[in-house]
Amino acid sequence: MAEVASAIPGSGNLGIARDGAEHVYFHSGSEATYRKVSEKASGFTTIPTIDLTDLDGTAAQRKAIADDIYKACHECGFFYVKNHGIPQEIVVETFQLLKNFFALDLDSKMDAHVQKNPAIRGYEPMLETKLDPRTQGDIKEAFTMGDCVIEPEQDYVGRTGKQRPAHITQPQNIWPEKAPWWRDGLYKYYHHVFPLAMKLVQIFALAFGMEETAFDKHFQFPITGMRPLYYPPTPVTEDAASVGLGAHADFSWLTLVLQGENVPALEVLNPDGIWVDAPPIPGTLVCNVGQYLERQTNGLFPATVHRVRNKTGQERYSLPFFLTMDPDVELDVLDCCVEQGEVPSYERINVGDLYIRRVLPARKKHPTSIKYRDVPQDQWSYRMLLS
Ligand SMILES: O=C(O)CCC(=O)C(=O)O
Ligand SMILES: [Fe+2]
């Protein structure tokens with residue numbers, strides 16, 4: 001597992017040096033955390049690329065992809081995929097869509113402000129989130145949409161063969177009234193990236209030597225998030241305050257990121273505390289292990305820390321897709337990831353309940369957080385996001 005220096009509670013004053021050694025700061029839970037920069041480099045220095053041409057190929061071809069993914073996830077937690085099957089014209093169209101949306105006037109975007117939506121999705125203006133407390137806030141705009149049992153585009157009944165859950169009466173997504181094309185355009189990409197992510201779920205099962213359908217039961221109508229991002233250029237300084245997205249590990253099972261071409265800004269932290277560049281490579285997506293998969297593998301696949309700093313002088317757009325499991329799954333460490341007699345490092349957790357414990361503390365000013373602020377955390381449940 002990614003070795004992590006001990007958390008420093010209440011660390012408002014986040015310097016770099018502790019015990020005379022250099023440390024890097026990041027956010028991968030609800031506490032501030034450091035990792036020591038080691039003098040002896042042993043971690044990854046580049047990010048591998050995996051060719052998905054044979055994703056629908058023979059059993060042997062698929063197993064070969066699975067083995068590559070296992071190695072990349074274990075050694076790095078990040079990998080590029082090429083020949084992923086999302087047509088280039090969809091990619092081009094999607095980036096034009098992102099540009100058009102973020103270029104709208106603020107009022108049109110604020111019409112779908114995240115604060116108006118109990119499920120904490122929608123538009124977030126510049127500096128609204130702050131992954132690194134040393135900064136003024138993340139220098140980016142974002143819009144989040146995700147799984148919704150009500151929106152017809154997601155065909156809950158057709159996909160699950162079940163009736164819609166009666167307790168969910170409101171859509172979980174919010175859309176700007178004046179830009180109906182935004183919803184249409186995002187769904188167009190969603191319908192490509194979601195099936196790709198689900199194929200990768202099967203490849204991961206193969207990677208562990210299981211039946212390829214072994215994980216399907218956990219992904220019947222999974223928690224998903226799609227989050228278009230816009231990063232304006234920031235000053236070319238080493239100043240920690242100048243960050244598009246502060247250092248973090250993803251709170252997902254698997255993340256697939258489409259990066260806009262020619263604007264390198266994504267950096268990945270290796271176990272030695274060294275930042276490794278993950279520039280956009282045309283025709284690829286960047287995939288990374290999230291904290292649910294890290295748990296499930298007992299840390300064998302680390303949820304590697306990363307950050308975004310746009311020093312290019314150009315505007316940057318990116319489009320992460322976060323796949324988690326169904327919220328009602330009770331997640332255990334996989335048997336194959338512990339030695340006989342070894343006690344797993346992670347306890348069984350309910351996927352949705354862990355989700356709410358991470359999402360609410362990160363949005364303290366959101367009306368949903370305020371509504372439940374007097375409810376003890378051990379009584380929080382995923383349903384709090386749905387009403
Ligand atoms: O913009 C990117 O390339 C990565 C974004 C990211 O790490 C995230 O949204 O979690
Ligand atoms: Fe991320």
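Helices (H or I, at least four residues) and strands (E, at least two) are taken here as DSSP runs, numbered from the N terminus. The structure is a predicted model, in which local features need pLDDT of at least 70 and side-chain atom pairs count only at pLDDT 80 or more, while totals for chains, interfaces and linings use all residues. Residues are numbered from 1 along each chain as its sequence is written, chains are lettered from A and ligands numbered from 1 in the order in which they are written, and side-chain values use heavy atoms, with hydrogens and water left out.

Three residues coordinate the iron ion (ligand 2): His248 through NE2, Asp250 through OD and His306 through NE2, at 2.1 to 2.2 Å. Donors are N, O and S atoms within 2.8 Å of the metal (3.2 Å for Na, K and Ca); water is not among the atoms, so sites may look incomplete. Along the chain, the donors of the iron ion follow the spacing H-x1-D-x55-H. His248 and Asp250 are both buried, where buried means under 20% relative accessible area, exposed over 50%, and partly exposed in between (1.4 Å probe, protein chains only).

We turn next to ligand 1. It is surrounded by 14 residues, of which the closest are Tyr231, His248, His306, Arg316 and Ser318; a residue is counted as near if one of its heavy atoms lies within 4 Å. An N or O atom in the side chain of Asp250 is 3.1 Å from an oxygen atom of ligand 1. For His306, a polar side-chain atom lies 3.0 Å from an oxygen atom of the ligand, and for Ser318 the corresponding separation is 2.7 Å. Taken alone, ligand 1 exposes 300 Å², and the protein buries 97% of that; these accessible areas come from the Shrake-Rupley method with a 1.4 Å probe, and for residues only the protein chains shown count as cover.

Strands E9 (229-231), E10 (245-248), E15 (306-308) and E16 (316-323) are the elements that give two or more residues to the shell around ligand 1. Strand E16 gives the most, with four residues. By class, the shell has eight nonpolar, three polar and three charged residues, with Ala, Val, Leu, Ile, Met, Phe, Trp, Tyr, Cys and Pro counted as nonpolar, Asp, Glu, Lys and Arg as charged, and the others, Gly among them, as polar.

Strand E15 also holds Val308, which counts as buried because its relative accessibility is 4%.

The packing of the interior comes next. A nonpolar core is a set of buried Ala, Val, Leu, Ile, Met, Phe, Trp, Tyr and Cys residues joined through side-chain atoms within 4.5 Å. The largest such core has 92 residues, and Phe204 and Trp253 have the most contacts inside it. Helix H5 (residues 180-207) gives the most to this core, with 17 residues. Apart from it lies another core, of 18 residues, including Leu131, Leu245, Val268 and Val286.

Several loop residues complete the picture. Arg227 is found in the loop between strand E8 (224-226) and strand E9, and it counts as buried because its relative accessibility is 13%. Its C-alpha atom is separated by 5.4 Å from that of Phe143, 84 residues apart along the chain. Gly290, in the loop between strand E14 (284-289) and helix H6 (291-296), counts as buried at 0% relative accessibility.

Most residues other than glycine have a negative phi. Asn83 has a positive phi, near 55°; Asn83 lies in the loop between strand E5 (78-82) and helix H2 (88-102) and is partly exposed, with a relative accessible area of 45%. Ile120 also has a positive phi, of about 60°. Ile120 sits in the loop between helix H3 (106-110) and strand E6 (122-124) and is buried, with a relative accessible area of 7%.

Note on methods: A polar contact is a pair of N or O atoms within 3.5 Å; within protein, one must be able to donate a hydrogen and the other to accept it, and residues adjacent in sequence count only if both atoms are side-chain atoms.
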